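Please open the model in your viewer and keep the sequence panel at hand.

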Amino acid sequence: MALNLPGTCQELLELQHGVIARWQMAQAGWSVRIVDPQLHSGRWQPLYRGVYATFTGRPSRIAFLWAAVLRAGPGAALSFDTAAELDRLTDKPSRSIHVTVGPVRQIRLSGREYQGSAPKIIVHRSVHLDQARHPARTPPRTRIEETTLDLIQASPSIDQALAWLASACGRRLTTPELLLDSMAARPRLRWRAELVRTLTDVGEGIHSVLEWHYVRGVERSHGLPRAKRQAVSRVGGRTRYLDNHYREFGVAVELDGQAAHPADARWRDIQRDNASAEAGIVTLRYGWADVTEEPCRVATEVARVLRHHGWTGRPHPCRPGCVAPSA
């Protein structure tokens with residue numbers, strides 16, 4: 001780019017991966033009159049209205065994220081699925097780019113802005129954006145706690161909502177305590193009671209919705225002893241983590257929530273089960289359908305194995321007709 005740019009402009013372009021908006025130029029001491037010649041010569045390219053890439057070639061994903069948040073104007077922040085993508089709360093980039101602005105910001109996005117490869121921008125509004133925006137991370141985005149709660153509120157089911165909680169804490173992106181603080185600041189929150197109870201379980205080691213269903217629907221509902229979650233097992237110099245370990249009785253319950261079970265994952269499960277057997281641990285393994293559709297049968301099987309290994313208690317029925325007491 002054959003331009004003699006002020007140092008502040010160079011720093012801004014480096015920070016923003018070569019992307020800049022018209023409204024930033026005056027703030028940086030840069031005349032907007034240079035924009036049209038650069039566009040006509042092909043040295044720059046428009047990404048959204050009033051937002052430009054100061055380079056040729058296909059823009060990167062991060063360049064488009066910068067362009068979207070700059071298109072929304074000063075103070076905007078990436079949010080929802082897009083903020084989750086940036087902070088590794090999800091591994092799948094969203095097709096659209098989610099941006100949150102203040103309640104009075106007026107944004108008109110035309111269909112022509114999405115021609116080419118520019119992703120669609122979805123705009124959200126929040127009266128609490130100043131508190132929700134992360135103070136330092138770039139591109140500007142919402143805090144991980146706010147992102148998690150936004151996604152929970154947009155979830156179609158309680159299972160999906162709880163999955164966001166488990167993922168945020170299981171990936172060590174935040175803590176149950178910080179999430180509870182953010183929840184307290186929201187007067188309106190769907191499933192508040194369920195979320196608070198789940199965060200208590202998450203603090204004790206639950207890392208997935210399937211594990212939550214096992215604890216609530218199998219273990220507690222039927223009066224089984226309390227297992228150690230994500231228990232450390234060391235065999236042959238290798239460290240493994242057991243989903244549910246009834247240490248006193250030498251029994252482990254492993255849970256697999258994958259709809260499909262590839263051969264390499266199945267082989268890892270076999271190796272883990274064999275290592276547990278070497279350590280004197282009997283392993284029971286269940287999937288999503290077992291735990292969510294037949295919790296009483298699962299409780300019956302677990303109870304029988306536990307009693308065989310020294311548990312003197314008995315399971316109790318979770319409802320009329322429950323088969324668990326037959327153990």
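Begin with the lining of the largest cavity, which has seven nonpolar, two polar and no charged residues. In this classification, Ala, Val, Leu, Ile, Met, Phe, Trp, Tyr, Cys and Pro count as nonpolar, Asp, Glu, Lys and Arg as charged, and the others, Gly among them, as polar. The model is a predicted one, in which local features need pLDDT of at least 70 and side-chain atom pairs count only at pLDDT 80 or more, while totals for chains, interfaces and linings use all residues. Residues are numbered from 1 along each chain as its sequence is written, and side-chain values use heavy atoms, with hydrogens and water left out.

**The cavity**

Select Leu 162, Leu 165, Ala 166, Thr 198, Val 202, Ile 206, Ser 208, Val 209 and Trp 212, which line the largest cavity. A cavity is a set of points, on a 1 Å grid over the protein atoms alone, where a 1.4 Å probe fits but cannot get out; a pocket is an open set with protein on both sides within 12 Å along at least five of seven lines; lining residues have an atom within 4 Å of a point. The space in the largest cavity is about 30 Å³, where grid points are joined across faces, edges and corners and a volume is the space filled by probe spheres set on the points.

Which helices supply at least two residues each of this lining? They are helix H8 (158-170), helix H10 (192-203) and helix H11 (209-220); H8 gives the largest share, three residues. Helices (H or I, at least four residues) and strands (E, at least two) are DSSP runs, numbered from the N terminus.

**The pocket**

Next, select Ser 126, His 128, Glu 146, Asp 150 and Arg 186. Of the 17 residues that line the largest pocket, these lie nearest its centre. The pocket holds about 390 Å³ of space, and its lining divides into five nonpolar, seven polar and five charged residues. E6, helix H6 (129-132) and helix H7 (144-153) each contribute at least two lining residues.

Stay with the loop between H6 and H7, where Pro 139 is found. A cis peptide bond joins Thr 138 to Pro 139, with omega about -10 degrees.

Now display the open sheet of three strands in the order E4-E5-E6, whose pairing is mixed; two strands pair if DSSP finds at least two bridges between them. Strand E4 (77-78) and strand E6 (121-125) are at the edges with a single partner strand each, so one side of each lacks a neighbour in the sheet. Helix H4 (residues 61-71) packs on this sheet, touching E4, E5 and E6, and its direction makes about 30 degrees with that of E5. Contact means heavy atoms within 4.5 Å; axes are lines fitted to C-alpha atoms, for helices over the stretch in contact, and angles run from 0 to 180 degrees between N-to-C directions. E4 pairs with strand E5 (residues 97-101) in the antiparallel sense over two bridges, and Ala 77 stands opposite Thr 100 in E5.

The other sheet to display is open, with three strands in the order E1-E3-E2 and antiparallel pairing. Strand E1 (19-21) and strand E2 (45-48) are its edge strands, each pairing on one side only. The twist from one strand to the next averages 35 degrees. Three antiparallel bridges link E2 to strand E3 (residues 51-53), and Gln 45 faces Ala 53 in E3. H4 also lies across E1, E2 and E3, running at about 65 degrees to E2.

**Confidence**

Finally, colour the chain by pLDDT, the predictor's confidence in each residue, from 0 to 100. The chain average is 87, and 89% of the residues score at least 70. Among the elements, helix H12 (residues 263-278) has the lowest mean pLDDT (57) and E4 the highest (98). Over residues 259-263 the pLDDT is below 50, and this stretch has three contacts in the model beyond near neighbours in sequence. Where pLDDT is low, the predicted coordinates should not be read in detail.
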